[in-house]
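Thank you all for coming; I would like to walk you slowly through one structure today. Please keep the picture in view while I talk.

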Amino acid sequence: MTTNFDKLIKTIVKPLVEYPDDITIQHNETDRFYEYHLKTNPKDVGRIIGKKGHIAQTIRTIVYSVRVNGSKRVRLIIEDGQK
Amino acid sequence: MNTFTGKNVDEAIQNALNKLAIEKNQANIKVIQTEKKGFLGFGKRDAIVEVTVIQEPETKTPKSAADDQDINTKASNAAKSASIEFTKSKDEEAEPENDAEDTKQAVTNLQNYLDAIVTQLSIHATSEVVFKNSKTIKINFDTKEEGLLIGKHGLTINALQTLAEIYLNRLGIYHVVVELDTANYRQRRLDILEKLAEKTARDVVAEGKPVYLDPMPSFERKKIHKTLENHQHVRTYSAGREPYRAVVVVPK
């Protein structure tokens, strides 16, 4: 069974936020990464990043632990409205 | 304005009541600042409450037992209406619920949450919850793919453990330690750490130079410190910032 990253990320993030319905995930494929852009309600950004990125790092560790076939790696990007 | 301080809110209120020589039901209590424990004395602050006496018009003077009764009921009514206003932020409002039922419910939710994630990681596992004591919950996963669940040096299982605590905090339960385990991994790890600590101590004594161990989570560092605490020739401390904090073993 191949892991559905959308579903995995949503399973992890949804219970941690105040507005679970506002979560969207966009895909982007570059030559090195499968990128997953996670977007939340602006009020929830802090909840999934945490102090000093503590929570974000934890979520990434779990998402990255999934084996992916091929040389490309998974990358989780949290959209915090800053560029 | 009468403000009083104390180590915690209760103590501050008690101080105030003693000073004003009144009962709690005669007081109008407003919490201005809740206490913070701080860390090693930093960031510690006292609780501050504002207490004003409620002026009750004396309509009756107690003469008989019946009147006393009346006063008593009046007092209890006053107690009910004694308004305690909490000027707290929203997150603090979710008081740590020590209610065993609530915690149990939350832990069941937590178990479902972790099961869902583990399934999504394409690991087939069954979990089992053990309440070790009131502050520690152990969740044991039974799986054939323990390597996947543990990750390199426990990377994945430690991340899940952190996430479990974050999840409980979200449900308003604080100061509960969650320990995830599979195939007795934690115990095996502790044995390895004990050997590592002893070996490192020997190396340090031989070399006479400090040795930095690999970064570890706090509960693993604790084991190293504990193993070497009574060692005659070395002492230990931790350096660096989480999550790269590491134990340093130095000769005495």
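In which loop of chain A is the place of Lys52(A)? Lys52(A) sits in the loop between helix H2 (45–49) and helix H3 (54–64) of chain A, where helices (H or I, at least four residues) and strands (E, at least two) are DSSP runs numbered from the N terminus. Before I go on, this is a predicted model, in which local features need pLDDT of at least 70, side-chain atom pairs count only at pLDDT 80 or more, and totals for chains, interfaces and linings use all residues. Residues are numbered from 1 along each chain as its sequence is written, chains are lettered from A and ligands numbered from 1 in the order in which they are written, and side-chain values use heavy atoms, leaving out hydrogens and water.

Although Lys52(A) is not a glycine, its phi is positive, about 55 degrees, and with a relative accessible area of 76% the residue is exposed. By exposed I mean over 50% relative accessible area, by buried under 20%, and by partly exposed in between, with a 1.4 Å probe and protein chains only.

Turning to chain B, Ala183(B) is likewise not a glycine and has a positive phi of about 45 degrees; Ala183(B) lies in the loop between strand S7 (177–182) and helix H7 (185–207), and at 35% relative accessibility it is partly exposed.

Finally, consider H4(B), whose buried residues include Ala106(B), Leu110(B) and Ile117(B), and which is followed by Ser122(B), a residue with a positive phi near 50 degrees.
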